[in-house]
Amino acid sequence: MYYIIALVALVFVVLTGIVIARLQNVLKSFKSADTDEIKHTGNRFNGAMFLVVLIVGGAAVLWSYLDARSEFLPVASSIHGRRTDDLFWFSMGVLTIPFIFVNVLIFFFSWKYQYKKGNTASFYPDNHKLELIWTIIPAIVMALLVFTGWRAWSDITGDAPQDAEVIEITGKQFNWITRYSGVNDNQLGNYDYRLIDAQNEVGIDLSDENSFDDFMGPASAIHIPVNKPVLLKIRARDVLHSVFIPHMRVKMDAVPGMPTKFWFVADKTTADMRAELNDPNFNYELACTEICGMGHFSMGTKIIVEDEASYRKWCAEQATFLATYPEYLAKVPDNLKAKAMKYVPEGSVTAAADSTTAGSVGSGTSSLR
Amino acid sequence: MSAIVGAESIHEHAEVHEHHHSQNFWQKYIFSEDHKMIAKQYLITGIVWAVIGISMSVIFRIQLGMPDSNLSWLKPILGQWISDSGKLDPNFFLALVTMHGTIMVFFVLTAGLSGTFSNFLIPLQIGARDMASGFMNMLSYWFFFLASIIMFASIFLQTGPAAGGWVIYPPLSALPQSHPGSGMGMTLWLTSMAFFIVSQLLGGINYITTVINLRTRGMSFDRLPLTIWAFLITAVLGLISFPVLLSSVLLLIMDRHFGTSFYLSDIYINGEALPNVGGSPILFQHLFWFLGHPEVYIVLLPGLGITSEVIATNARKPIFGYRAMIASMLGIAFLAFIVWAHHMFVTGMNPFLGSVFMFLTLIIAVPSAVKGFNYITTLWRGNIVFTPGMLFSIGLVSLFVSGGLTGIILGNSALDIQLHDTYFVVAHFHLVMGAASAFGLFAGVYHWFPKMFGRMMNPTLGQLHFWMTFIGIYAIFIPMHYVGIAGFPRRYYQFTSYDFTHKFMDMNLFITSAAIFSFTAQFIFLWNFFYSIFKGKVAPQNPWKSNTLEWTTPIIPGHGNWEGEIPAVYRWSYDYSKPGAKEDFIPQNIPYSQTLESNFPHENELIASEKDIEAQNFNDQFKSAH
C-alpha cells in the first residue's frame, strides 16, 4: 500500500509542478492584460484534466476496489447475514451503473463541451419526455430495492421463534454483562435497576422464581449454540451502547430504560470458522458501536459458538447466580424459598435461612418515588 | 481592510443616494445593518471556523491513520491532552470528533454558507435595497457571533468541550458523571446552540420575508434565479426544524440541571441508581433528527442553488428544466421532514416504523436524480468556461451523485443493520453533504468574490485549489467506504482492540495522507482569498457575463445597492446563448422589446405587459416610510 501512496504523491507533485509552471505564464500575462474582458485562462488544461482524472481516477477506484475486496464484509456466519450480504452486493451492483454512467457523463461533457472561441451553446431549456424518463426509471429501481429490503427487514425484525435461546446482554461503561435464562426454564427473571449492586450487576429481582436458575455469563466470552435461534435481550445500565457482532450482521442499540432485542441464527461454530478461514486464532467478537465515553473503542467481548451439546454441557457447568452469591437468598420471598433452595449449594444455606425482610422490593415495574 | 475602505469611500463620494448618511467605522463594519457587510461577516467567521474544524479532523485522522506516531509536537497547542508519551487523550479524541461535527455542520456549512450567500444574494438578485429588516439581520449575525464565542470558549475548558458526538445523545450528554465532556463542555455546547438557533431563526424569517415581499418590479416567482429558490426553501426548512432542536436542547438542559426525566430512565451509574424514571433516550433522537435530517438539506440546498446559477452561467446555457429544478427542491424539502427516523433503524424503534421510513427515504432518490440529470444536461452541448466557480460546481455534482448513491444503501433498513455507525456512513455523508456543500461554498465565493470585494481572485490558483481538493476528497472518502464495508465502527479512538479491525492499517494511513493533502490545499484558497481582497485585479462590471441583477449594480455596490431606481425585470435569468441574440447572454433587466431578434413567439406577446411592469409600485423600501 505504501507504493500506492508514493504513486499518488508523485501524481500530485507532477500536477502541482505543471500548474505552477502555468501559473508563471499566467501571472506574466496578467500584468500586461488590462482589458475589461476576463481571459479564460487554462480552459484547455482544465478540460483535459477532466479526462485525465476520469481515466486515472476510474482506474484507481477499480484497482483499489479489487485490491481491498478480500477485506470487505467479514465472512457471514448467520442465516440472515448472508441474505443481507446478497442484498448489499445486489444493491451495490445496481448502484454502480449510475455511479459510472453519471460520472462519465459529467467528466466527458466537461471535456467535450469546453469553451471554444466561436462556438455557441445550444439553447435547450427543457424536454418533458427526458425529464419524465429520468424520474420514472429511478422510481422503478427504488421500488425494487425498497421491496427486497423491506422483505428482508420484516423477516429479520419479526418475532423470535418460541424455542429461541434467550440471553440477556447488558451494556455498561465499559463492558458487557450477560445473563443466561438457565438450564430449567429458558426464562429470564425480572429485574429492576434499583436492585443493582456490586454483585447483582444487572439488578436481578429474586422475588421472581424465573430468576432462580439464571446464571451470569463469564466476562471472558459469550457462549451461544450453533443452528439454534438466539434471542438477545439487550439492556443498558448507564448510557447508550450498541451490540455489534460483525460476523453475524447483528446490530442493536442498548438503551437505558427501554429493553431492545435482536434474534438470529448463527450457523458456523467458532471451530468451523477457524477451519474455513484457516486461522486457528479466530474468534467471533462483539463490539460497541454507540459512543459511550472514553472506553468506547475497546468495549468488546468474544463470542464462542459451539454445537448444542457442548453448549448445554457448558450451561450445566455454570453456577447459578444464587449459587454464586447465596446471601441473596435473603431476598427470596418465603413462599418461594424452598424452590430457590434447589439452586443453592448445601453448606451455604444456614446463613440466609431466617432473614425474612427481603422480598418487599417491587418487581420490574417502577413508580415515581 | 484598507483596500476596501479606500474603494468604498471613493465610491461613496460619487454616490448620489437619497438615503445617504455617512457611517462611522462601528456602524459600517461591526454593527452593520447592510446585508452585504453582514454577509462578509458571516463569510469571514465561517472561514475561521472552517480552519478550526478542519484542523481538528486532521488531528484525529493522524491518530487513526498513524496510531503509533508521537504527537508531542502538538503539545504546545493541545497541552495536557497530549500525554507525556506523546499520545492523544482518548477523551479529547471524542471531543475533537464532536467539535469537528458541530463546527462543520452548524458553524461552517449552515451559518457560513446560508448566512453568507442568503444575505449577500437575496437582495441583490431579487432587486431589493436590503433585507426586510436590517436590524434583525444584524441581530442574527451577533447571536451567531455570541454562539461562536461560547463554543470557542468551551474548547479551552479543563474538562474539554462537549464529547458525546455531534448528535449529543443522552444519557451520555445528560450525565456529567458519565464523561468529562458531559460537564461544563456540554453546558456551553447547549448554550451556544440555543443562541445559534435564535440566530438562524432571525436570519430565516428575514430571508423568507425579503424574498416574498421585496422582489422588484417584474420579478415573479417564475423568474427568480434558482439560487433564490434554494435560499427560500432552505430558510423555510430551518424555520420549521430549528425550533424542534431548540426544544430538545431545552429539555436536555432541564434534565441536566433541574432534575427532570425527559430522556432519562432506569439508570445506574457510578454505584448509584438515579431517581429518574419514565423518560426515553429515543425521544431525544426523534427530536434531534427531526431537525437533523432537514439540516442535511439546509446545508446542501444553498450549494445546489449556487451550482445551478454558476453552471448555467459558465456553460453559457439555460439551466435545463428550471421548473423541474424548483419542483425537485420542493420535493426534497417536503420529504426531508418525513425521513428522519432512517438515522434510527437500529435504536430499538418499532421495526414497522423502520419499514415506513425506509420507503420514504428511498423516494428522496427520485428528485435528487432529477437534479443530477438536469445538471448534466445543462453541461451537454454547452460552451463551458472553467472558472474556479464552475469547476467547483461541476465537482459538486459529481460528489453529490457519488455520495448520494451510497445513501440508497444506508436508507435500506436491512442493509443498515451492518453499516449503521460504521465508516460507510461517515464516508457517505461527507461526500454528499460535507464535501458537496463545501464545494458549493467555494463555488459561491469564487463566483461572487468580484461582487463582494470589487476584485478578482486569481483563477489559476483557484483551479489548482479545485483539482487538489477534488482529487483529495475522493482519495479520502472512496477508501473510507471500504473501511466501512469491513465494519469499522466510527468514533473509535483506535482499532487495536478487535481482531476484525486488524486490517486496513495501510488504508487508514492512506486516508490520513489524503486528508492532510486536501487540508494543505486549502491554504492556497486562504492565501488567494485574503490576498485578492487587497491586491486582486479590479473586477469588471460583469466578469462572468451573467444575467442576474447583482451584476447591474455598481462594481462595489453602496448602501442600497443601486444608484437611482432599482431595475425592473422582464425575463428569467437563464437567457444564455439564445438563438438570434447579439451576445450569448441577455440580462434579466433587458425588456423583450429590445431583443426582437431573439424572442420566441410567446415572448413577443409579453412585450405588451412591459408597460404594466414599469407602472408597478417601485417596491423600494428606502422610499417608503419606515
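**Exercise 1. Describe how the two domains of chain B meet.**

Solution. In this predicted model, 18 residues of domain 1 of chain B are in contact with 19 residues of domain 2 of chain B. On the side of domain 1 of chain B that touches domain 2 of chain B, the residues by class are eight nonpolar, four polar and six charged. The bounds come next: domain 1 of chain B is assigned to 2-6 + 28-535, and domain 2 of chain B to 558-615. Finally, a distance of 37 Å separates the C-alpha centres of domain 1 of chain B and domain 2 of chain B.

**Exercise 2. Carry out the corresponding description for chain A.**

Solution. Begin with the division of chain A, which gives domain 1 (42-114 + 129-157) and domain 2 (165-345). The C-alpha centres of domain 1 of chain A and domain 2 of chain A are 40 Å apart. Next, take the contact: nine residues of domain 1 of chain A touch twelve residues of domain 2 of chain A. The side of domain 1 of chain A that faces this contact with domain 2 of chain A comprises four nonpolar and five polar residues, with no charged residues.

**Exercise 3. Characterise the contact of chain A with chain B.**

**Exercise 4. Determine the relative orientation of helix H4 of chain A and helix H11 of chain B, and identify the residues that form their contact.**

Solution. Two packed helices are described by the angle between their axes and the distance between the axes. For helix H4 (residues 128-157) of chain A and helix H11 (residues 351-363) of chain B, the axes come within 10 Å and cross at roughly 165 degrees. Angles over 145 degrees count as roughly antiparallel; H4(A) and H11(B) are therefore roughly antiparallel to each other. The handedness of the crossing of H4(A) and H11(B) is right-handed.

The residues of H4(A) in the contact are Met142(A), Leu145(A), Val146(A), Gly149(A), Trp150(A), Trp153(A), Ser154(A) and Thr157(A). Those of H11(B) are Pro351(B), Gly354(B), Ser355(B), Met358(B), Phe359(B), Leu362(B) and Ile363(B). By class, the contact of H4(A) with H11(B) has ten nonpolar, five polar and no charged residues.

Methods
Residues numbered from 1 in each chain as written. Chains lettered and ligands numbered in written order. Predicted model: local features only at pLDDT ≥ 70, side-chain atom pairs only at ≥ 80, totals over all residues. Domains from an automatic or database assignment. Contact = placed C-beta atoms within 7 Å. Nonpolar A, V, L, I, M, F, W, Y, C, P; charged D, E, K, R; others polar. Axes fitted to C-alpha atoms, helices over the stretch in contact; angles between N-to-C directions. Helix = DSSP H or I, 4+ residues; strand = E, 2+ residues; numbered from the N terminus. Parallel < 35°, antiparallel > 145°, perpendicular 65-115°, else oblique. Left-handed = near helix turned anticlockwise from the far one by under 90°.
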